[in-house]
Amino acid sequence: MSELVVRDLQRSFGGVQAVGGVSFTLRSGDLLALIGPNGAGKSTCFNLLNGQLKPDSGSVRLDGTELVGLPPRRIWALGVGRTFQITATFASMTVAENVQMVLLSRARRLFGLWRPAAAQFREPALALLERVGMATQADRPCGVLAYGDVKRVELAMALASAPTVLLMDEPTAGMAPAERLALMALTAELVRERGLAVLFTEHDMDVVFGHATRVLVLDRGRLIAEGSPDQVRADPRVQSVYLGGEA
Amino acid sequence: MSEPLLTVDGLQAWYGRAHILDGIALTVGRGEVVALMGRNGAGKTTTLKAIMGLVERRAATLRFDGRDLSALPAHRVARLGVGYVPEDRRIFADLTVEENLEVGRQPPRPGAPAWTPEKLFALFPNLAEMRGRRGTRMSGGEQQMLTLARTLMGNPSLLLLDEPSEGLAPLIVRQMAEAVRRLKAEGLSVLLSEQSLSFASAVADRACVIETGRPRWTGTMAELMADDGVRAAYLAV
Amino acid sequence: MGAKVSTETTRPMSFLLVQALSGLATAATLFLVSSGLTIVFGVTRIVNFAHGSFYMVGAYAGWSLIERFGGSPAGFWGSVAAAALAMGALGAAMEIGLLRRLYRSPELFQLLGTFGVVLVVQDLTAWTWGPEDLLGRRAPGLKGSIDILDQPFPLYDLVLIGLGPLVLGLLWLLFNRTRWGTLVRAATQDREMTSALGVDPARLFTGVLFLGCALAGLGGALQVPREAVTLQMDMAIVVEAFVVVVVGGMGSLTGAFLASLLIGQLQAFGILVFPQITLVLVFLFMAVVLVLRPHGLLGRADEVPPTAPATVTVPLSAGRHAGTWALALLAILAAAPLVAGDYALILLTEVVILALFAASLHLLIGLGGLVSFGHAAWFGLGAYGSALLVKHLGAPMPLALAGAPVLAGLGALVAGWFCVRRSGLYFAMLTLAFAQIAWSITFQWYAVTGGDNGILGVWPPAWAAGKATYYWLTLALCGGTLWLLRRAAFAPFGYALRAGRDSGLRAESVGIDTRRFQWMAFVLAGTAAGLAGGLYAFAKGSVFPTLLAVPQSVDALVMVLMGGIQTVAGPLAGAVVFHLLESEVMSLTDWWRLVLGLIIVALVLVFPRGIVGFLSGIGRRA
């Protein structure tokens with residue numbers, strides 16, 4: 001059982017508060033959606049959690065270990081994986097090699113100067129690609145894949161580090177609707193199978209309400225609602241944020 | 001019936017390899033305010049950028065005021081009288097308010113209202129008080145007003161307004177709506193992208209709803225307000 | 001302070017004052033040139049290597065005009081202005097003909113393309129004005145000097161000192177009080193938004209190039225009464241102007257002014273304290289400033305030049321049956337002495353050495369995306385390492401050859417620590433700075449390195465003196481090292497390096513310490529280049545400071561680019577073609593710079609994927 005406890009996270013940019021006092025707890029088995037209008041602070045929130053940005057104040061603890069102040073690669077090593085809103089894979093490598101890189105990194109074998117990288121951890125990489133349905137494209141360059149396929153490679157890369165917590169920034173952006181649901185169904189399966197704790201942002205409300213176990217609603221840097229999908233959907237403040245603008 | 005001021009059909013656009021728009025179609029008539037609506041990520045911002053020529057685009061039809069825009073770069077589109085107000089404001093922070101306006105200045109154009117800094121300061125009194133101030137020292141609402149004023153200095157006949165109410169305090173949102181209505185009264189046509197139904201219903205004549213880069217619904221604003229099904233399918237939570 | 005001040009204190013006082021004033025005069029010229037460079041960079045985001053060429057041609061054109069019309073003050077100043085305007089026109093022409101096509105290219109192409117212009121202009125200048133240094137006439141009315149605390153100081157320099165702030169003021173007015181200036185400042189901040197407001201970026205950029213190059217030309221023409229006009233002026237000033245612009249903060253005019261003042265004083269007083277290493281001081285100053293203030297004195301974080309767009313989307317290709325081909329090639333090369341004559345063997349030896357040099361640079365560029373503009377430093381350091389061991393310690397060749405990669409590797413270890421802290425253009429500028437430091441040590445430390453005269457008599461011992469023997473030795477060492485580099489490229493190390501280049505964000509988020517890999521790669525590449533340098537020293541029998549100079553670094557870049565960046569075999573092919581071109585074609589003409597410059601420009605514009613990339617592109621289509 002893992003637990004990511006976020007308390008009173010704050011961050012401003014040039015006097016403008018992007019994230020103002022966000023607190024929540026993410027546990028194994030959670031598939032927690034973070035939603036909100038553009039500019040609500042979702043991406044900033046993510047960057048604070050994985051160490052890309054430093055918060056002005058607040059704490060992020062993974063099973064009691066303080067993550068604030070650690071660089072992204074240390075936070076990753078502690079078991080927090082992440083996927084990016086704008087896909088970030090190693091474009092000059094094949095699909096399999098992308099996953100192999102993560103496995104090599106986890107095994108601390110990156111400084112090897114002799115044995116070809118392509119021959120190391122290939123089998124486990126293929127197994128992970130099989131899991132996300134990308135095994136048939138394992139030897140294609142990542143730079144030529146369709147957008148939705150890159151997203152699936154990202155998921156395989158995130159899984160390769162055997163995380164306990166997975167942060168997914170718009171995992172289905174740019175995918176066709178059917179693909180979106182398939183990817184989130186897969187994610188939900190992985191959550192059950194491996195006891196993952198997943199936090200994701202998402203624009204597609206079908207995805208959010210179809211798969212999330214709980215939903216957080218962020219508006220102008222603050223959490224305005226938290227609860228089950230049905231509770232959140234019924235919340236008048238949430239409705240006004242999405243449809244009204246003038247609360 | 002005369003040709004609409006802006007006609008878009010079969011508009012495709014890409015960000016790098018990501019195919020964002022797939023067949024957007026819409027029209028804006030003279031003196032009309034049209035709201036381009038849809039959820040986050042539906043492609044509203046990209047649609048405006050594609051019309052302007054700021055992203056890689058292709059279109060079956062992209063005509064403005066009788067001219068084909070589809071092969072023109074952004075500065076040529078702007079000089080034909082299309083004014084673009086970006087969502088992220090992008091004021092020139094190192095320049096003063098007056099200098100920001102100067103960058104936008106273009107010669108007056110027949111058939112479009114002609115603006116001067118003085119006329120704009122009358123429209124946005126807040127800006128008048130800070131004409132020598134640099135953009136770095138302005139609030140979000142003031143920046144939004146300046147972006148709009150700067151674009152108006154080009155004397156456009158069509159305004160592309162990207163998410164004008166986003167991230168603004170309710171009071172500023174009302175001022176913004178008032179400004180859009182005034183511009184319409186001056187004879188300007190407006191295409192605005194908007195997530196907020198209340199803002200759109202306050203200013204727009206018609207709405208065009210898009211999702212995942214495709215057109216889904218178009219009709220008058222009143223029809224949209226009456227159609228719970230469309231709102232639930234494409235706009236609501 | 002009374003009237004009775006002893007002479008012991010007045011003399012140093014007045015001397016220091018005059019020294020400070022001459023520092024100010026230097027600063028004025030530096031500012032004129034670097035203000036142009038920084039304005040051009042601010043708007044176009046291109047670091048214009050050819051900026052120094054406009055300074056040089058401005059001086060030559062100024063000289064001609066002043067010889068003809070410069071008898072009267074009006075004629076003199078008119079000539080200076082005319083030279084400046086002519087350079088502005090040339091700069092505008094370069095924008096239209098070349099830069100316009102490079103705005104979206106990676107910085108490697110921008111730097112190389114403008115360096116191609118440097119070479120072309122050098123030869124055209126030599127062709128027009130001849131190779132001799134030219135001495136111009138003094139400025140009419142300003143020929144004398146005035147006494148400052150009993151020390152004479154040239155009047156003309158006083159005028160220059162005044163000119164610096166005057167030009168800063170005029171530029172300030174231009175940028176803050178005219179519509180054109182406002183548009184330029186807007187475009188500097190947000191090019192796309194400016195064009196969306198109806199401003200034609202192309203015309204604006206042409207105008208900016210006119211202004212920037214006119215300032216360079218003005219700086220050049222103003223030098224005519226002060227110093228000889230020479231063909232070496234361009235590189236000397238552009239490297240200093242780079243330092244000023246980087247120290248001041250790229251794109252910042254006031255920063256450039258401040259940095260010019262500081263560097264002018266540093267040079268004026270540095271020469272009193274460390275006459276041997278004044279150039280080193282300037283570059284060390286820049287390195288320290290960059291580490292302490294990463295964006296320069298007045299630069300801002302958001303003015304970080306964008307790093308090269310990720311153009312690379314194809315996997316690094318080993319090529320099919322690469323191993324078989326490599327062995328076959330090795331066998332052919334090893335058999336070459338059986339048929340080839342001495343001249344061909346000398347040529348082959350050099351080709352093999354250059355192949356290693358180019359491959360070592362390819363490790364940085366092709367795998368790490370790190371565009372080094374000073375890779376010759378490690379090649380030259382290796383060469384000097386061997387030569388010094390032979391000359392001063394009488395070391396035998398094997399020991400001297402072993403010393404080469406060690407010295408180069410140590411140098412790269414230190415420089416790399418600084419360089420990998422920054423990416424993109426700043427990385428290129430830092431590597432250039434360290435190469436210039438190494439170059440100026442070999443150039444100025446006469447007692448040890450022999451300065452310009454180099455070190456002669458570095459020949460292999462009798463057992464290796466035969467052309468065939470030395471060739472085989474070179475082939476074995478270079479071939480072995482190339483094989484090791486290739487293993488590293490396909491090992492996890494090479495992949496980690498590519499991972500950092502493809503997506504630094506992703507690399508960090510899967511536990512890859514990108515900077516450490518880049519540092520390691522820097523050391524590895526430096527070491528391999530050092531070995532190539534050591535072998536080169538014994539092949540030529542001598543070493544000279546030119547081995548570490550900018551053109552040598554550019555040669556390596558051209559070889560890599562010619563071969564194509566995305567193939568391991570690329571740099572090898574590039575080295576072969578380049579060296580054959582250099583020794584067989586360019587040696588036939590006195591205008592080799594012109595030829596090389598045009599080749600570079602053509603490469604950058606027409607064959608950005610290099611020979612191997614181009615051929616494999618054809619292969620794939622067929």
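Two residues are in contact when they have heavy atoms within 4.5 Å of each other. This is a predicted model, where local features need pLDDT of at least 70, side-chain atom pairs count only at pLDDT 80 or more, and totals for chains, interfaces and linings use all residues. Residues are numbered from 1 along each chain as its sequence is written, chains are lettered from A in the order in which they are written, and side-chain values use heavy atoms, leaving out hydrogens and water.

**View 1. A202(C) and its contacts.** Look for A202(C) in helix α8 (residues 201–221) of chain C; helices are DSSP runs of H or I with at least four residues, numbered from the N terminus. Leaving aside residues up to four places away in sequence, A202(C) touches E95(C) and R100(C). A202(C) counts as partly exposed because its relative accessibility is 27% (buried is under 20%, exposed over 50%, partly exposed in between, with a 1.4 Å probe and protein chains only).

**View 2. One face of helix α10 in chain B.** This helix covers residues 228–235, and its buried residues are V230(B), R231(B) and L235(B). Down the axis of α10(B), they fall within an arc of 100°, so they line one face of the helix; the arc is taken from the directions from the helix axis to the C-beta atoms. At the start of α10(B), a side-chain oxygen of D227(B) comes to within 3.1 Å of the backbone nitrogen of G229(B).

**View 3. V273(C) out in the open.** You'll find V273(C) in helix α10 of chain C. V273(C) counts as exposed because its relative accessibility is 56%.

Definitions and conventions. Helix = DSSP H or I, 4+ residues; strand = E, 2+ residues; numbered from the N terminus. Polar contact = N/O pair within 3.5 Å; in protein donor to acceptor, adjacent residues only side chain to side chain.
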